[in-house]
2 protein chains.
Amino acid sequence: MTENKKIEITDLILRDAHQSLIATRMRTEDMLPICEKLDQVGYWSLEVWGGATFDACVRFLKEDPWERLRQLRAALPNTRLQMLLRGQNLLGYRHYADDVVKAFVEKSADNGIDVFRIFDALNDIRNIETAMKAVKQTGKHAQGTLCYTTSPVHTPTLFVEQALRMRDMGADSIAIKDMAGLLTPFATYDLVKALKSKVDLPIVLHSHATAGLAEMCQLKAVEAGADRIDTAISAFASGTSHPATEAQVAALKDSPFDTQLDLSLLAEISDYFREIRKKYHQFESEFTREDVSVQINQVPGGMMSNLANQLKEQNALDKIQEVFAEIPRVRKDLGYPPLVTPTSQIVGTQAVYNVLSGKRYQTITNEVKRYLQGGYGAAPGEVNIELQKQAIGNEPVEHNRPADAIKPELAKLRNDIGDLANTEEDVLTFAMFPDLGREFLQQRLDGTLKPETLRPIDSNQASKLAKA
Amino acid sequence: MTENKKIEITDLILRDAHQSLIATRMRTEDMLPICEKLDQVGYWSLEVWGGATFDACVRFLKEDPWERLRQLRAALPNTRLQMLLRGQNLLGYRHYADDVVKAFVEKSADNGIDVFRIFDALNDIRNIETAMKAVKQTGKHAQGTLCYTTSPVHTPTLFVEQALRMRDMGADSIAIKDMAGLLTPFATYDLVKALKSKVDLPIVLHSHATAGLAEMCQLKAVEAGADRIDTAISAFASGTSHPATEAQVAALKDSPFDTQLDLSLLAEISDYFREIRKKYHQFESEFTREDVSVQINQVPGGMMSNLANQLKEQNALDKIQEVFAEIPRVRKDLGYPPLVTPTSQIVGTQAVYNVLSGKRYQTITNEVKRYLQGGYGAAPGEVNIELQKQAIGNEPVEHNRPADAIKPELAKLRNDIGDLANTEEDVLTFAMFPDLGREFLQQRLDGTLKPETLRPIDSNQASKLAKA
Ligand SMILES: [Co+2]
Ligand SMILES: [Co+2]
């Protein structure tokens with residue numbers, strides 16, 4: 001606490017915050033009017049793109065996500081723009097060929113992205129290598145990501161090794177991504193300390209406030225030497241979102257870690273978004289309060305509610321505690337994957353089968369089979385060999401990177417979408433979402449793009465929402 | 001971080017949490033069903049009485065507050081019960097004679113209170129001395145309180161001196177009471193460190209989460225040597241209330257400061273209170289989100305909303321920034337009182353007059369006059385002598401303890417209330433609230449006590465409130 005060190009802030013208000021709280025529904029028209037103020041703050045970066053925003057734009061908002069990016073770029077000339085990229089999956093739901101990954105990164109950079117945060121659900125860094133190198137080729141900032149989870153294999157030592165390998169790939173910084181709110185303050189301190197002692201790169205902490213611990217984790221991260229923290233303007237903070245920007249700025253103010261951001265300006269920005277939030281009341285989740293259950297059974301909040309719905313549909317909600325108890329066992333059998341899309345669904349669904357059928361692995365899902373064949377990449381720890389045999393029989397286990405089996409596909413994609421694509425960006429939209437993307441481009445041509453309807457705010461709702 | 005030290009928890013769910021979030025309206029009938037579980041947790045104490053609960057019982061709920069205390073005592077046989085006492089004001093709104101203070105403390109102890117947290121708005125410890133000594137006489141735990149504020153005179157050194165004087169009075173522990181959420185994590189660390197180095201007593205941190213910093217402050221307090229923290233079950237936590245019990249327990253779990261409380265049991269308790277909260281939806285405040293403005297202009301959240309209302313009534317809401325700017329000046333003129341009832345009203349109202357009249361102190365309120373005469377006790381710093389002259393002219397300044405001027409009054413109170421009082425407790429109820437208490441006792445005699453009506457939860461509200 002002797003040397004002064006300005007802590008940098010990445011604000012998530014334009015991506016993860018509304019993805020976490022209102023199903024990624026914030027429209028560009030509600031972002032642009034406040035960009036001038038956002039641009040004055042002096043953030044290290046604003047996360048504005050990637051994650052589910054691309055999907056939501058095409059699926060619900062009928063906005064061209066590339067156009068959003070260009071508009072934000074123009075409106076935020078002084079601030080780094082950041083995106084979240086799912087490694088070889090890009091923003092879609094499968095592994096893409098390397099030529100698509102390269103093209104996507106290039107076009108993202110062309111249209112305005114300065115910082116690429118790249119992650120893989122299994123922390124299999126072969127799945128982020130192509131994207132990482134493509135970012136380096138554009139001259140932009142490549143951020144390697146550690147998906148945080150707890151398990152016997154996920155020690156600080158393992159995370160340090162992964163960070164070193166990402167550094168060797170050219171990573172300009174390392175992010176710790178605690179999507180479930182699993183980190184505790186003292187575990188954060190130890191992890192960041194370990195990273196800073198071995199990896200000579202800026203360290204960023206991205207932690208969801210689900211369990212109510214993220215503020216404290218960030219404080220301890222800063223004390224351990226972290227350089228940057230991810231926050232969200234308070235109007236869209238806390239709960240499944242992130243620590244409030246204003247609170248973290250105030251917490252570090254006049255300390256050796258002062259962010260030097262202006263609280264009054266942040267308050268004005270928050271006032272703006274507090275009004276905006278009302279417009280999207282229909283997407284408010286029921287899980288916005290701190291919910292510490294992830295700290296009890298290590299099952300992320302979103303996964304718990306999905307499982308509850310799954311069981312309810314099968315009239316088996318009374319089995320939920322058994323399913324929660326089965327999840328760690330399935331996770332162990334699969335070599336302790338972090339629970340994040342898609343592994344959370346893979347583990348959760350198999351756990352439900354194991355409980356409802358009364359016999360473990362009587363049914364094995366296709367996803368578990370594919371997982372055990374190496375179809376998603378390498379498991380963090382050792383998988384259960386007997387289960388693997390039972391699941392895949394004599395079929396081979398793939399030890400190569402999944403994308404190695406995928407031939408270049410950009411030419412075919414271009415060809416498939418044909419004249420519906422005016423630009424290479426359009427081809428990439430189609431690549432991300434074959435059906436949805438085609439429909440979007442067709443409707444654009446026909447002039448029939450129409451965003452989903454928003455339910456009006458009646459006065460009763462308005463007053464309740466003001467209190468939310 | 002080497003030596004293990006179990007951090008103790010006081011849960012505020014039955015007093016400050018509902019006082020902060022639903023205007024102190026929780027009824028005894030909603031407390032008793034969960035007491036068995038609360039009693040199993042292993043809290044150091046449960047705050048259950050005092051503050052505004054006595055007032056709300058008599059005024060709105062038409063419950064006998066003493067009867068509530070006895071019921072909670074019976075339902076919580078294994079847990080210390082704690083109350084908040086406003087020094088010589090007890091739970092009323094004036095200074096009482098010493099005989100009333102003694103009787104009130106005795107009866108509170110008789111009916112079940114184990115721990116008395118005693119404070120004075122000005123930190124004039126002469127105003128807490130009688131209550132403190134009365135507690136010691138009953139053999140119960142006397143906790144001296146430092147009302148936290150920031151000013152040139154409120155240094156750690158001053159707080160340490162005050163704590164030492166309270167220790168010399170017999171205090172068994174010292175509480176830091178940050179009613180406005182002014183503390184920052186590093187200021188907390190320094191203050192607690194200073195206290196622990198000089199005062200050999202357990203230190204407790206009571207901090208409101210208004211600005212979103214309280215969780216971090218408690219963490220740093222613990223690291224600095226604090227022994228106990230005040231939290232609230234998550235269903236009634238955060239915002240103007242307190243850090244969530246579950247979050248703080250999870251934050252310290254498996255650390256050297258493990259509270260050893262059971263998160264699953266706490267989750268069950270929170271589920272119960274989440275349902276209960278819906279019943280009181282009409283009292284939900286609009287200010288439940290983190291609001292960092294207290295960190296910007298040092299004006300507590302509750303005071304800001306009061307001032308806004310005051311100005312709105314006078315069609316002068318546009319002057320609010322001027323009033324906010326005037327408050328620190330008035331506070332300086334008055335020797336930097338902490339802003340808490342009643343000083344927040346005294347300072348706030350004078351600031352409004354100063355701005356609206358266009359000339360500072362053209363009008364001086366009676367409360368400021370009384371304050372400058374010493375009627376509330378000694379100011380923390382030096383008051384503006386010219387203002388004092390202007391306000392009180394040749395009238396003398398009282399340097400003695402305000403209650404020194406009050407003759408014993410218990411006999412007269414007994415006489416005044418007469419047969420309406422069945423017990424000494426009834427006399428004390430009348431002493432706290434002369435009109436309201438008399439009315440309550442009369443209605444009890446007449447059998448016409450009737451709690452205020454609660455608005456039903458319509459399904460729309462219910463779904464919105466689940467999201468609150
Ligand atoms: Co996130
Ligand atoms: Co309080």
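Started with the sheet in chain A: eight strands close into a barrel in the order S1-S2-S3-S4-S5-S6-S7-S8, with parallel pairing. Direction ignored, neighbouring strands are turned by 30° against each other on average. For my own record, strands (E, at least two residues) and helices (H or I, at least four) are DSSP runs numbered from the N terminus, and two strands pair if DSSP finds at least two bridges between them. Axes are lines fitted to C-alpha atoms, for helices over the stretch in contact, with angles from 0 to 180 degrees between N-to-C directions.

Ground rules: this is a predicted model, where local features need pLDDT of at least 70 and side-chain atom pairs count only at pLDDT 80 or more, while totals for chains, interfaces and linings use all residues. Residues are numbered from 1 along each chain as its sequence is written, chains are lettered from A and ligands numbered from 1 in the order written, and side-chain values use heavy atoms, without hydrogens or water.

S1 (residues 8-11) and S8 (residues 228-231) of chain A run parallel and share four bridges; Thr10(A) stands opposite Asp230(A). Helix H10 (residues 245-252) of chain A touches both S1 and S8 (contact: heavy atoms within 4.5 Å), and makes about 145° with S8(A). H9 (residues 214-223) of chain A lies across S7 (203-207) and S8, at about 170° to S7(A).
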